[in-house]
Amino acid sequence: MSETLQTTDVAASDADLLAQTAIAVREAGSALRERFGEVVRYQTREELMRALAANDDTALDILRPRLTRLRPDAGWVEDELDGGALPPGEWWVVDPAEGNVNHLHALPEWAVTATLVRENQPVLTAVHLPLTGETYTALTGAGAHLDGRPLHVSRTADLGLSIVATSQARPDEDEKVVRRVGSSITAMLFDALVVRAAVPATLHLLNVAAGRIDAFWQFAGARADLLPGALLVTEAGGRISDAEGRPWTPQSQSFLAAAPGVHAAAVSTLSR
């Protein structure tokens, strides 16, 4: 078989795999939606962790067997908070309840994500928002889509006219990271039109890919936070890097996704 035919077959296989992955995240999202609506009360950190785990388990009970059947030899990232490079081969990087704490507080900003990573590169991703019914997908070389409609980043070329966003530092984050988050927000308040700060990261990145906001940045962060959005933004025509403008990898200590017209200005602001 020629190299061209082999490449075509792989692309077709990945496209089919993405379609099945999208079905899996929708099914998991439906299960989480049934649990949504009332604020979950907790008095201790232990009670909070149990409530978060219950949501995760509800979605994982659906996702794990379905995705494992699709790719039996792929590894499975057990902890969605992990960072750094993955071993060689294929891996499922899944966040069963991205924005889980929002779900517990009856806030609408949460999703279910599944990304297939091959040799440390995201190949395909599906992100489902159960409350709106929207499903965002991306496949390397085939673009990013919202329910089948192509996505494109914004054409904004002026950071001063841009809406930008970041995620707050996580609880128990290193003090240096917390202070860097704060100083970066201050810098962007001077240079950008509007600054948004909220979790989860993935939902901001969906908005960058869809051209609704112009840039998103984050310090530290886990693979499951960033890999789905990184692929969506890239396939929608955006640029990703670390905050200093260097190529981003899962080992990077910072992350920036932006429309091409404001990427350099965002790097300059974050580097101050």
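Hi everyone, this is a quick tour of the fold of one protein chain. It's a predicted model, where local features need pLDDT of at least 70 and side-chain atom pairs count only at pLDDT 80 or more, while totals for chains, interfaces and linings use all residues. Residues are numbered from 1 along each chain as its sequence is written, and side-chain values use heavy atoms, with hydrogens and water left out.

Let's begin with the overall picture. The chain has seven helices and twelve strands; those are DSSP runs numbered from the N terminus, with helices being H or I of at least four residues and strands E of at least two. Its radius of gyration is 18 Å, close to the 19 Å from the globule rule for 272 residues, so it's as compact as a globular protein of that length. That radius is taken over C-alpha atoms, and the rule is 2.2 Å times the number of residues to the power 0.38.

Now, the sheet. Seven strands make an open sheet, ordered β1-β2-β3-β4-β5-β6-β7, with mixed pairing. Pairing here takes at least two DSSP bridges between two strands. At the edges we have β1 (75–76) and β7 (149–150), each with a single partner strand, so one side of each has no neighbour in the sheet. Further in, β3 (111–118) and β4 (121–129) run antiparallel and are joined by seven bridges. As one example, Ala114 has Ala126 in β4 as its bridge partner.

What lies across β2, β3, β4, β5 and β6? That's helix α6 (223–235), running at about 100° to β4. The angle is between N-to-C directions, on a scale from 0 to 180 degrees, with axes fitted to C-alpha atoms, for helices over the stretch in contact; contact means heavy atoms within 4.5 Å.

Next up is β10, residues 215–219. Five of its five residues are buried, so this strand is largely enclosed by the rest of the structure. Buried means under 20% relative accessible area, using a 1.4 Å probe and protein chains only. On one side of β10 sit Ala215, Trp217 and Phe219, and on the other Phe216 and Gln218. β10 pairs parallel with β8 (163–166) over three bridges, and Thr166 partners Trp217. With β12 (254–258), β10 runs antiparallel over five bridges, and Phe216 stands opposite Ala257.

Last stop: helix α7 (260–270). Its buried residues are Val262, His263, Ala266, Val267, Thr269 and Leu270. They cover an arc of only 160° around the axis, which puts them on the same side of α7; the arc uses directions from the helix axis to the C-beta atoms. Their cover includes α4 (175–191), β10, β11 (239–241) and β12.

Methods
Buried < 20%, exposed > 50% of the residue type's maximum accessible area, 1.4 Å probe, protein only.
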